[in-house]
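The following note comments on a multi-chain structure, point by point. Please read it alongside the sequence and coordinates.

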Amino acid sequence: MNSREQILKLLKQHQTNKTPLPKIDTTALLNVNLVEKFKFEFERVGGIFIKTAFNRIFDEISKIITTENLRKIYAENFDNEINAIIKNLQVDEIITQPHSYRQISIVDASITSCDFLIAETGTIVFIHRDEKFKSAVLLPRVHIIIAKEKQIVGTLEEVFSISGGNFDSIFLITGPSRTADIEKVIVQGVHGPQKVYLIIV
Amino acid sequence: MNYTPQKFSINAKRALENEKLRANLTRAIKHTLTKRTEVVSELSNWEELRQLAHDIKKHTIENLGYYLELFEKRAIENGINVLWAKDGNEAREFVIEIAKKAKAKLCVKSKSMVTEEIGLREFLEENGIETVETDLGEFIVQLANEMPSHITAPAMHKSRDEIGELFAEKLGVELTTEPEKLTAIARKILREKFLNADIGISGANFLVAETGSIVIVENEGNAGLTTTLPKIHIAIAGIEKVIPRLVDLTIFFKILGRSATAQRFTSYVSIINSPRKNKPDSPEEIYIILLDNGRTELLKSEKLKPALYCIKCGACMLACPVYQRVGGHTYGSIYPGPIGSVLTPTMFGFNEAKVLPFASSLCGRCYEICPVKIEIHHILLWLRHEAVQKNLTSKLEKIVFKLWTISMRNVKLYELGASLMRFVSKIGLQPKFKNWTKTRDFPQLAEKSFREIWRKELKNDFK
Amino acid sequence: MKIGLFIPCYIDQIYPQVGVATVKILKKLGVKFDYPLNQTCCGQPAFNTGYWEEAKTIAENFKNIFSDFDYIVSPSGSCTSMVKNFYPEILQDSNDWENKTFELSDFLVNVLGVDSTGAEFPHTVAYHDSCHALRELGIKNEPRLLLRNVKKLKLVEIENSEDCCGFGGTFSVKFPEISTEMVKDKVKSIVNSGAEFVTSTDSSCLMHIFGYAKRKNFKVKIIHIAEILANF
């Protein structure tokens, strides 16, 4: 008998089934302005929230480029309008078609989209089921996300009920990369981004 | 470092005298507990969440075979390789086999208690495969060649000065004691490792049965990179990590971050369903090793079973007045503190760790703080009973309790014994319980016992 | 309603005044009760050290004495917890230990509906939560309510009042160094509270606190809550 069979046999011998699986009531966020709630939670974990009109995206990103002194940028493939905006950004290099994650590891910042924003916790949701680089949200020092207001949902439960189980992976980001491993001092940007900017249109 | 559970008492004395260590511990623990209280008290339904989490775990453990098989089925459908290991040896062999087949030279590891449990990193290194801990705290203890002293804050026992000196000595960098700079040094070194690693090894906080998902919760982004960059990802998880549904995560996320690191939500969560073939990044092969290693032994006992509900948050350690004062290394186990005193004897040998269940004042703080409501203090009581049954307590103690029982069973003997003690103390011969009296006075017996007063003065009032 | 008074062995022998105070309080409140003279110990020292067979022998003895009572009242959170929470487990008998056993302050407030005993105690008093009363029995407000209603008594809270004093029965002699460190912190916070007296539902904690305080010449006076409540 192999280990699998051994373990399962023993577990089945001790199966009791006395406790029912509790039902989990959906806790939708009621009477809450989702944008305000998201902003509050996102800023509380150290995210930088920028709400702007579509025609101001270029200016907002340009400001970030100056503040963060960004020279090389990786940008995901957006729709034509946003692609055009990104193309015109004043930086040394914009990579849009990297051949490997190594190229993303040398940029200062990445510009990506996301799938959902969760108001309850200020979390940004990335659902991978396509050709996107997963590591683009982790490798650069600065991460800029462009999202639409309608992508904000109340809770993680809502994300699960929309996505079902149909994904390669889900990545949840709540603020910058952080550690408190040295004397409980919070340091941002351990392995992932030090700064997370969210531009909401 | 030669820390073993047998040496608990010696280690404890040494730790109590180590002022630096005490200061490091106190600072870290106070900080986390204060913050935890803040983020817990803002939830009006904390107690409900604890109960829900408890019930989900209880239900799952009662039906563990069913859920593991379901998880396996879904994971295989998703393209994940599922391996079952009855012990550490088997798990290590699986890993080395995969590594050899892939001609791997470098592994990056994200934080995982179960890999500590089976000594995976040391094993891979012995087999010539460089294996690097990428969680900052784990990286620090790896450099120092130490055990983690807490399950979610492994380097809690060290100060910034000590870490600065360690980095300067082991990494040849310029001495600095600033956490920001130290973190930047680690980032730079570890980034190179990430980019060149052949295999990423992780643990798992949860395995979701209905979707076959591997779920990892973290703050630094190292687990995200570990499970994204290398072409092979091996996750190792104890069999108790499975939960039924994706939606159950919403409960556990609320309690885990708050309990482990006093956070409302951790910075990163990876929910991994399947490898991605021919995609720009992400592993092409994912393996999950389901590890027993003594867990089914716990499951056989109704008393010990609840220990399997543990989500390894480490809150019971921070809340324990003993752990607070002696630190994690004293326990001589990778699972220290209250839950460790349950897991260490039952999983790794009762005889070696028999002292641990006794190293508690049974104050119940561990239960009070436990986010899945494990009655740890009561399990410790049970383990003390097991120690007696297994004949692991001292002869003297046994005799003392035999005599005590005889005198307590019979009121005449009880009264006689008390009179005898009064007499002995009157002529100045009372025994000195050195273990008590070295630091504390012991009270004398009262001149008259209550029952004597009752008989002579009080009883008649009630007639 | 038959009420049995249980005076634990160490109160009987070391702190008889606590038993006397308990009797005084019950008498004033007109409670009829009995004190069976053949009682000894609840068995907790053996139970908590792992000697469950021995504890069971003692518990059987206790059972023979107290089975017929509707209520068992005791001025000790710890011993009450032993009977209330662990007798069902070791005895597996038909007695409803869980619902008939009460620590004194719990009994006064939650069974008798009393919130004052009419006592007077012109001192500053700190209340120490004993682990067993607090966490095994859920007693937190009852003693504070009773103390607040004692005339001229000033109740102060001590920092970390819910922390263990380090006694823990045999723990205090098996691990004297750790236990001493714990009581050291406890005494420190009592001293810092400015209280003249520290009180509790449990004489065992008080014994430990006083044992250390006396050795170190701290001016900490201990008094069981029953003694304060009986001061009328």
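**Strand pairing and packing**

1. Cys107(B) has Ile199(B) as its bridge partner in β4(B). The two strands concerned, β2 (residues 106-109) and β4 (residues 199-202) of chain B, run parallel and are joined by 3 bridges. Strands are DSSP runs (E, at least two residues) and helices are DSSP runs (H or I, at least four), numbered from the N terminus; two strands pair if DSSP finds at least two bridges between them.

2. The model is a predicted one, in which local features need pLDDT of at least 70 and side-chain atom pairs count only at pLDDT 80 or more, while totals for chains, interfaces and linings use all residues. Residues are numbered from 1 along each chain as its sequence is written, with chains lettered from A and ligands numbered from 1 in the order in which they are written.

3. In chain B, 6 strands form an open sheet with parallel pairing, in the order β1-β10-β7-β4-β2-β3. Its edge strands, each pairing on one side only, are β1 (81-85) and β3 (130-133) of chain B. On average, neighbouring strands of this sheet are turned by 20° against each other, direction ignored.

4. Helix α22 (residues 450-458) of chain B packs with helix α2 (residues 16-28) of chain C at an angle of about 45°, the axes lying 9 Å apart. Axes are lines fitted to C-alpha atoms, for helices over the stretch in contact, and angles run from 0 to 180 degrees between N-to-C directions. α22(B) and α2(C) are therefore oblique to each other (angles under 35 degrees count as roughly parallel, over 145 as roughly antiparallel, 65 to 115 as roughly perpendicular and the rest as oblique). The contact involves Phe450(B), Ile453(B) and Leu458(B) of α22(B), together with Pro16(C), Gly19(C), Val20(C) and Val23(C) of α2(C); residues are in contact if their C-beta atoms, placed from the backbone, lie within 7 Å.

5. For chain C, an unreviewed UniProt entry lists residues 4-84 and 125-209 as "domain: Cysteine-rich"; such annotations may be inferred rather than shown by experiment. Residues 4-84 of chain C are 57% helix and 7% strand, with the end C-alpha atoms 14 Å apart. Residues 125-209 of chain C are 51% helix and 12% strand, and the end C-alpha atoms lie 15 Å apart.

Methods. Two residues are in contact if their C-beta atoms, placed from the backbone, lie within 7 Å.
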